[in-house]
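Here's a quick briefing to read alongside the model. Have the viewer open and follow along.

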Amino acid sequence: MISFDDNKKIGIGLCLLGLVCMGLGIMLFFDRALLALGNLAFLCGLTFLLGPSKTARFFSKKEKWQGTFFFFLGFCGIIAGYAFFGFIIEIYGAWKLFAAF
């Protein structure tokens, strides 16, 4: 059986919370607050899962710069009030980031 330490459990919970908030934000016609909360929870969960140094290394890899740029540009677009366009840009960035998996 796989045993997780407390940081990994918190990370999994925050990632799931982030995905649920993003799903609700989409269903509620791109609610800016839920999308932003989902993004923050997902990023915090990823940091708890991987650790701060591995997370920074993941986002700053040379081959992932384009995905990182569009992911955070979309996040800034959501915060600025352009929820639909920010979400589309962010999805493209997430696709570029996580396509290797």
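Phe42 sits in helix 2, where helices are DSSP runs of H or I with at least four residues, strands are runs of E with at least two, and both are numbered from the N terminus. Phe42 is buried, at 17% relative accessible area (buried is under 20%, exposed is over 50%, partly exposed is in between, with a 1.4 Å probe and protein chains only). Keep in mind that this is a predicted model: local features need pLDDT of at least 70, side-chain atom pairs count only at pLDDT 80 or more, and totals for chains, interfaces and linings use all residues. Residues are numbered from 1 along each chain as its sequence is written, and side-chain values use heavy atoms, with hydrogens and water left out.

- Setting aside neighbours within four places in sequence, Phe42 is in contact with Leu14, Cys15, Gly18 and Phe98 (contact means heavy atoms within 4.5 Å).
- Asn7 is 35 residues from Phe42 along the chain, and their C-alpha atoms are separated by 14 Å.
- Ile10 belongs to helix 1 and counts as partly exposed, at 40% relative accessibility.

**Aromatic rings**

- Phe42 also turns up in an aromatic cluster, together with Phe58, Phe59, Phe71, Phe72 and Phe98.
- Searching the whole structure gives 12 aromatic pairs; rings of Phe, Tyr and Trp (its six-membered ring) pair if their centres lie within 6.5 Å, and planes under 30 degrees apart count as stacked, over 60 as edge-to-face and the rest as tilted.
- Tyr92 and Trp95 have ring centres 6.2 Å apart and planes at 40 degrees, so this pair is tilted.
- Both Tyr92 and Trp95 lie in helix 5, 3 residues apart, or about one turn of the helix.
- Tyr92 is partly exposed, at 33% relative accessible area, while Trp95 counts as exposed, at 55%.

**Helix 5**

- Helix 5 covers residues 83-98, which is 16 residues, and reaches 22 Å from its first C-alpha to its last, close to the 22 Å expected at 1.5 Å a residue (the expected span is 1.5 Å times one less than the number of residues).
- Its buried residues are Ala83, Gly86, Phe87, Glu90, Gly93, Ala94 and Leu97.
- Looking down the axis of helix 5, these buried residues fall within an arc of 125 degrees, so they line one face of the helix (the arc is that of the directions from the helix axis to the C-beta atoms).
- On the other side of helix 5, you'll find Phe85 and Trp95 exposed.
- What covers the buried residues of helix 5? The cover includes helix 1 (6-27), helix 2 (32-50), helix 3 (52-59) and helix 4 (65-80).

**Helix 3**

- The buried residues of helix 3 are Thr55, Phe58 and Phe59.
- They take up an arc of only 90 degrees around the axis, which puts them on the same side of helix 3.
- Helix 2, helix 4 and helix 5 are what the buried residues of helix 3 pack against.

**The loop between helix 1 and helix 2**

- Phe29 is in this loop and has a positive phi of about 60 degrees although it is not a glycine.
- Phe29 is exposed, with a relative accessible area of 77%.
- Phe30 is found in the loop too, and has a positive phi of about 55 degrees, again although it is not a glycine.
- Phe30 counts as partly exposed, at 24% relative accessibility.

**The chain as a whole**

- The chain has 5 helices and 0 strands, and along the sequence the pattern reads α-α-α-α-α.
- Its radius of gyration is 14 Å, close to the 13 Å that the globule rule gives for 101 residues, so the chain is as compact as a globular protein of that length (the radius is taken over C-alpha atoms, and the rule is 2.2 Å times the number of residues to the power 0.38).
- Along its principal axes, the C-alpha trace spans about 40 × 30 × 20 Å.
- Buried residues make up 35% of the 101 residues.
- Of the contacts with a separation of 6 or more, 58% are between residues 24 or more positions apart.
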